[in-house]
Amino acid sequence: MASGIVYLELLPVVLGFFALVAFVTSNLELALELLSLFCIFLYKISDAGARPPQSCIFGQFLNISAVIAFVAMYIHYKHVTEFNITALPLIQKLNYWSLWIGALSCLGLSVVANFQVVNSLPVHMIGALMIFGLGMVYCWIQAVISQKMRRQAMSSALSCYTRFALSFLVTVFFIITLVAGNVSVAEYNKNAINGTKHTYDRRWKESDKGYQAHLASTFSEWLMSICFLLYFLTFFREFRKIIVHIQVRPKNAEIFSSGEHDEARIVV
């Protein structure tokens, strides 16, 4: 049998690299402007990648990350399918639906990359909810699958517990991001000078009402994103044990043998 695709464990690592490059590079101008690397984390990820040229780098690397993330999800889906030797219906259903949920989450990542918050706010927010909301559901489903597959020696206890812990953290940070983000905007609008409402094309200042809630939302968004990347890294050990083979088969073809050397020919 021909050798397949190996070193699959590098997929989560490459995903983390591209995602971090997108996040950090898009925020680097702010850090240089404010002379502090820590200032990167004072702004929402989407805010820093909203204007060119940062938005170009941000969008390109996030689009690549979305593709890599889906490839990793699909490989994990096939891995679970192959190793589900007891053919438990619950695992089959959870695995199937988690692939669709994960695919929509990756689509949301691409939407966020291509529709900046200052240009198309409603579409950008829908994409963000797809990433974080559906991504959170994907994490919980895979954690449950890991727990169910422990008896089949696919997932270790460490991987299982780590995924449950990361799923819980993602859920907490997701709630804080939503609640604190809405509270910050509400407080700002309530105390707005001359009736100037909050817009996403302005930078927050420490003197702004709702700034503390904004920081809570921002930190939670960053931590949630890091938890997602760490979750993919939990696939590292499992991906080291598998090889992917790509099989090509004829469609609506008749295979027959002929000739002196009994060679196979395909007639369409």
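The questions and answers below concern helix packing, a salt bridge and a surface patch in this predicted model.

Q: Why are H4 and H5 called roughly antiparallel?
A: The axes of helix H4 (residues 89-114) and helix H5 (residues 121-149) cross at roughly 155° and come within 7 Å. Angles over 145 degrees count as roughly antiparallel, so H4 is roughly antiparallel to H5. The crossing in which H4 passes H5 is left-handed, and the residues of the contact of H4 with H5 divide into 20 nonpolar, nine polar and one charged.

Q: How do you know whether H3 and H5 are roughly parallel or roughly antiparallel?
A: Helix H3 (residues 54-83) packs with H5 at an angle of about 25°, their axes being 12 Å apart. Because angles under 35 degrees count as roughly parallel, H3 and H5 are roughly parallel to each other. The crossing of H3 and H5 is left-handed.

Q: What makes the pair of arginine 163 and glutamate 238 a salt bridge?
A: The closest N and O atoms of arginine 163 and glutamate 238 are 3.0 Å apart, and the definition asks for a side-chain nitrogen of Lys or Arg within 4 Å of a carboxyl oxygen of Asp or Glu, so the pair qualifies as a salt bridge. Arginine 163 lies in helix H6 (residues 157-190) and glutamate 238 in helix H8 (residues 236-239), which means that the pair ties together parts that are 75 residues apart in sequence. The structure holds one salt bridge.

Q: Which residues form the nonpolar patch on the surface?
A: The patch is formed by Val6, Tyr7, Leu10, Val13, Val14, Leu223, Ile226, Leu230, Leu233, Phe236 and Ile243, which together have about 920 Å² of accessible area. Membership requires over 30% relative accessible area, and nonpolar side chains are joined within 5 Å. The elements that give two or more residues to the nonpolar patch are helix H1 (10-34) and helix H7 (211-233), and H7 gives the most, with four residues. Tyrosine 7, one of the patch residues, has its place in the segment before H1.

Technical notes
Residues are numbered from 1 along each chain as its sequence is written. This is a predicted model: local features need pLDDT of at least 70, side-chain atom pairs count only at pLDDT 80 or more; totals for chains, interfaces and linings use all residues. Side-chain values use heavy atoms; hydrogens and water are left out. Axes are lines fitted to C-alpha atoms, for helices over the stretch in contact, and angles run from 0 to 180 degrees between N-to-C directions. Angles under 35 degrees count as roughly parallel, over 145 as roughly antiparallel, 65 to 115 as roughly perpendicular and the rest as oblique. A crossing is left-handed if the near helix is turned anticlockwise from the far one by less than a right angle, and right-handed if clockwise. Ala, Val, Leu, Ile, Met, Phe, Trp, Tyr, Cys and Pro count as nonpolar, Asp, Glu, Lys and Arg as charged, and the others, Gly among them, as polar. Patches are made of residues with over 30% relative accessible area and no salt bridge: like charges are joined within 9 Å, nonpolar side chains (Val, Leu, Ile, Met, Phe, Trp, Tyr) within 5 Å. Accessible areas come from the Shrake-Rupley method with a 1.4 Å probe; for residues, only the protein chains shown count as cover.
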